Amino acid sequence: MPRARRSRFLQSALFLFQVPCTESYVEASFDCSHSQSDVDQLLKGYSDSHRREGRQKDRMLLSLRGNRSSFIETGTNHAKTLMSVLSAEQFDHVFSVEYSPMLHRLASRTVLQHAETLPRYKQPNQRVHLYLGDSGKVITTMLSDAAATSNGPAGAVCWLDAHYSHKDTAGNDQKEPPLMLELRAVLTDQFWREHVVIIDDLRMWTGRPTNDHQIYPRPSRVHQETCNLWKDARFRVSNDAMIIWPSAAAKGNQYGATVRR
Ligand SMILES: C[S@@+](CC[C@H](N)C(=O)[O-])C[C@H]1O[C@@H](n2cnc3c(N)ncnc32)[C@H](O)[C@@H]1O
């Protein structure tokens, strides 16, 4: 590797197993000047030991809000994250999609009951939007609904977390989780500059079949696909998740976020 590139590579490798900075770990950061093999190298050894408990992830999600008005989630499951996000009352609108009709029904009941107790979401049907369907298809509807419902900044924190996950979850009929479709939809959305993407469960994205026979694309494929569309994308790996945002965005916080032009 040429010396300049090696030094850039080492600089960005704030890497694995280092001291936690307060409540979250920054395990790697890189951008589109890095190659796919750089990314593979940086994330080599990313495994179950990087699993994080939910509360740490919830705090991270909320810290990404900046001036974004919506939270978009794929894979509602039992609405664990959704309930925390609602309780924080930070977002004007909250969107989530689930593929399993049974989970969608259960989560809708729990979430809507909880929302009624919160001042910001007292009329939950207007601010809390729960969809049943395949997130790879429904995400474009969620993005356009998010833009249509926001009065100010149209940006969204997009938590991409739909995949088969044992027990009562859906998706085992899909060879690959819908991540690449979801990602493309966010990257090409009309308000793309205002969004931040978080891909959960990074330890599972190995490009090899998992126990449940789904194949999760490697982070380097996600990096390549993103850089084809967002030339200025920045990436950070933290808390078993990959955060992606366009650096051209005006600075709402360290992860960008702009106001509607
Ligand atoms: C890991 S769980 C989600 C956890 C949840 N996001 C949270 O943070 O509490 C993954 C969920 O994705 C759902 N799922 C799988 N494939 C899907 C698809 N194509 N579209 C929407 N949901 C899907 C599963 O049924 C499962 O409930």
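Which two strands form a hairpin, and how many residues lie between them? The legends below start from this question and treat a predicted model.

**Figure 1. The hairpin of β7 and β8.** Strands β7 and β8 form a hairpin with 2 residues between them. Within the turn, Asn 239 has a positive phi of about 50 degrees. Asp 240 is placed in the loop between β7 and β8, and its phi is likewise positive, about 65 degrees, although Asp 240 is not a glycine. Most residues other than glycine have a negative phi. Asp 240 is buried, because 23 other C-beta atoms lie within 10 Å and the threshold for burial is 20 or more. Val 237 stands opposite Met 242 in β8.

Figure 2. All 6 of the 6 residues of β8 (residues 241-246) are buried, so the strand is largely enclosed by the rest of the structure. In a regular strand the side chains alternate between the two faces of the sheet. Both faces of β8 are covered: one side carries the buried residues Ala 241, Ile 243 and Trp 245, and the other carries Met 242, Ile 244 and Pro 246, which are buried as well. Strand β6 (residues 196-199) runs antiparallel to β8 and is joined to it by 3 bridges. Ile 244 in β8 is the bridge partner of Val 197. In the segment after β8 lies Ser 247. With 14 other C-beta atoms within 10 Å, Ser 247 is partly exposed. Ser 247 and Arg 193 are 54 residues apart in sequence, yet their C-alpha atoms are 8.5 Å apart in space.

Figure 3. The open sheet has 8 strands in the order β1-β7-β8-β6-β5-β2-β3-β4, with mixed pairing. Strands β1 (28-31) and β4 (128-132) stand at the edges with a single partner strand each, so one side of each is left without a neighbour in the sheet. From one strand to the next, the twist averages 15 degrees. Strands of a sheet pair through backbone hydrogen bonds, either parallel or antiparallel.

Figure 4. Strand β1 pairs with β7 in the antiparallel sense over 4 bridges. Ala 28 stands opposite Val 237 in β7, and Asp 31 stands opposite Arg 234.

Figure 5. The chain contains 9 helices and 8 strands. Helix α7 lies across β2, β3, β4 and β5 (156-160), running at about 170 degrees to β3. Helix α8 (residues 179-187) also packs on the sheet, where it touches β2, β5 and β6. The direction of α8 makes about 170 degrees with that of β5.

**Figure 6. The nonpolar core around Cys 158.** The largest nonpolar core has 63 residues, and those with the most contacts inside it are Cys 158 and Ile 198. Residues up to four places away in sequence aside, Cys 158 touches Ile 72, Val 186, His 195, Val 196, Val 197 and Ile 198. In soluble globular proteins, nonpolar side chains tend to be buried together. Across the chain of 261 residues, 44% are buried. Among contacts with a separation of 6 or more, 69% join residues 24 or more positions apart.

**Figure 7. The shell around the ligand.** Of the 24 residues around the ligand, Gly 75, Asn 77, Thr 81, Thr 169 and Gly 171 come nearest. Two or more residues of the shell are given by each of β2 (70-74), α4 (80-88), β3 (93-98) and α7 (135-149). The shell divides into 7 nonpolar, 12 polar and 5 charged residues.

Figure 8. Asp 201 lies in the loop between β6 and α9 (219-229). Although Asp 201 is not a glycine, it has a positive phi of about 60 degrees. Is this residue buried or exposed? Asp 201 is buried, with 20 other C-beta atoms within 10 Å.

Methods. Residues numbered from 1 in each chain as written. Predicted model: local features only at pLDDT ≥ 70, side-chain atom pairs only at ≥ 80, totals over all residues. Buried ≥ 20, exposed ≤ 12 C-beta atoms within 10 Å, placed from the backbone. Pairing = 2+ DSSP bridges. Core = buried A, V, L, I, M, F, W, Y, C linked by C-beta atoms within 7 Å. Contact = placed C-beta atoms within 7 Å. Near = placed C-beta within 6 Å. Nonpolar A, V, L, I, M, F, W, Y, C, P; charged D, E, K, R; others polar. Axes fitted to C-alpha atoms, helices over the stretch in contact; angles between N-to-C directions.
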